[in-house]
Amino acid sequence: MKKLCIGIICLLVLCLSGCSRGAEDPNIQERIVLGFSQLGSESEWRIAASNDIRRAAEEADIQLIFDNAQQQQFNQIRAIRSFILKGVDVIAFSPIVEDGWDNILEEARVAGIPVIVVDRKIETAQEDLYAAFIGADFHGEGVRAGEWMVERFARAEGPIRIAEISGTPYSSPTIGRYEGLREVLRDYPQFEIVISHSGDFMRSKGRESMEFILQGTPDIDILFSHNDDMALGAIEIMKERGIRPGIDIAVVSVDAQASGLVALRQGQINCLIECSPYAGDLLMELISNIVNGRPFVTYTYTETRVFTDRDDFYALPVQYRLEDIIVAARIEPHYTMRMR
Ligand code: AHR
């Protein structure tokens with residue numbers, strides 16, 4: 001019995017010393033914990049962005065605490081505060097609007113947790129309230145949309161009447177695309193932006209915006225939509241009113257997600273400005289650099305390409321697999337075979 005007791009005690013001592021050695025062993029790295037606040041799930045783009053972050057975190061072996069704020073800034077602030085209380089290693093968030101983040105970022109700074117702003121930009125009193133930014137050049141997207149209009153309508157007589165369906169008010173993509181378009185058209189007085197209406201980046205609100213526009217604004221030549229979802233909603237309304245999208249009204253949109261590319265292929269959208277939602281790998285690399293004290297890039301911009309109805313459908317960006325586009329278009333399987 002005495003021998004048995006000594007054996008058990010030895011085993012316990014071995015176990016305990018083994019445990020504590022493991023915790024202190026500098027060769028055993030703990031997983032980085034990332035708290036990510038996503039602003040919502042308003043669009044195909046947003047869903048692709050969220051999925052990409054989940055995939056990239058898993059592949060990088062980073063523990064992800066993901067929160068969807070359902071389009072509300074106060075939900076984002078609450079989520080960020082909960083990440084601070086949990087003591088995560090790093091916080092990242094896609095801010096719904098530009099303003100109103102200073103206090104919560106100050107709380108993160110006091111807690112010593114670095115913050116990365118993803119996708120949309122913010123306005124802060126002090127730029128050093130966040131460590132880095134990854135996202136698209138929204139102003140450049142508006143510029144590209146304007147340049148396409150100028151080129152495609154080069155021989156048209158003015159006035160060329162533009163209707164705009166903008167995104168969420170006070171958000172950085174809305175502000176950037178709005179200003180970028182106007183910057184180009186300033187030098188071409190034959191173009192007139194006759195109406196601008198917010199569709200909040202949602203397909204249903206894109207429908208409502210187009211209905212509103214058609215009720216009071218005749219002779220629209222071009223529709224500029226701040227994203228594909230709203231463009232697709234607007235296209236539905238045009239068709240219901242006997243207007244041929246892409247022919248009677250030229251359609252220019254931003255995102256170039258799968259359903260937008262289908263509409264481009266079908267001739268219902270004339271020009272798509274790419275806004276890539278695939279920032280996951282860049283984000284995980286940035287996080288690893290920040291947490292491990294390595295040098296890192298503070299501002300990273302994703303690529304923007306322009307696709308038009310005159311492009312080759314087969315020269316699509318690699319990340320948009322043909323299968324995704326076929327699913328988005330609900331094309332019959334036999335047609336799928338022919339497309340390959
Ligand atoms: O912030 C990026 C924008 O937000 C995308 O263009 C839009 O589709 C999304 O909802």
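Tutor: Two strands pair if DSSP finds at least two bridges between them. Helices (H or I, at least four residues) and strands (E, at least two) are DSSP runs numbered from the N terminus. The model is predicted, with local features needing pLDDT of at least 70 and side-chain atom pairs pLDDT 80 or more, while totals for chains, interfaces and linings use all residues. Residues are numbered from 1 along each chain, and side-chain values use heavy atoms, without hydrogens or water.

Student: Which residue of β5 is the bridge partner of I116?
Tutor: Strand β4 covers residues 115–119 and strand β5 residues 132–135. They pair in the parallel sense over four bridges. In β5, I116 is bridged to A132.

Student: At roughly what angle do the axes of α5 and α6 cross?
Tutor: Helix α5 spans residues 138–152 and helix α6 residues 172–185. Their axes come within 6 Å and cross at roughly 35°.

Student: Which residues of α6 make that contact?
Tutor: Contact means heavy atoms within 4.5 Å. From α5, the residues involved include F138, V143, M149 and V150. From α6 they are S172, P173, G176, R177, E179, G180, L181, E183, V184 and L185.

Student: Which residue of β7 is the bridge partner of R161?
Tutor: Strands β6 (residues 160–166) and β7 (residues 191–198) pair in the parallel sense over seven bridges. Within β7, R161 is bridged to E192.

Student: What is omega for the peptide bond from G158 to P159?
Tutor: P159 sits in the loop between α5 and β6. The bond from G158 is cis, and omega is near -5°.

Student: Is D200 buried or exposed?
Tutor: D200 lies in the loop between β7 and α7 (203–216), and its phi is near 55°, positive although the residue is not glycine. Buried means under 20% relative accessible area (1.4 Å probe, protein chains only), exposed over 50%, and partly exposed in between. At 16% relative accessibility, D200 is therefore buried.

Student: What is phi of Q71?
Tutor: Q71 belongs to the loop between β2 and α3. Its phi is positive in a residue other than glycine, near 70°.

Methods: Axes fitted to C-alpha atoms, helices over the stretch in contact; angles between N-to-C directions.
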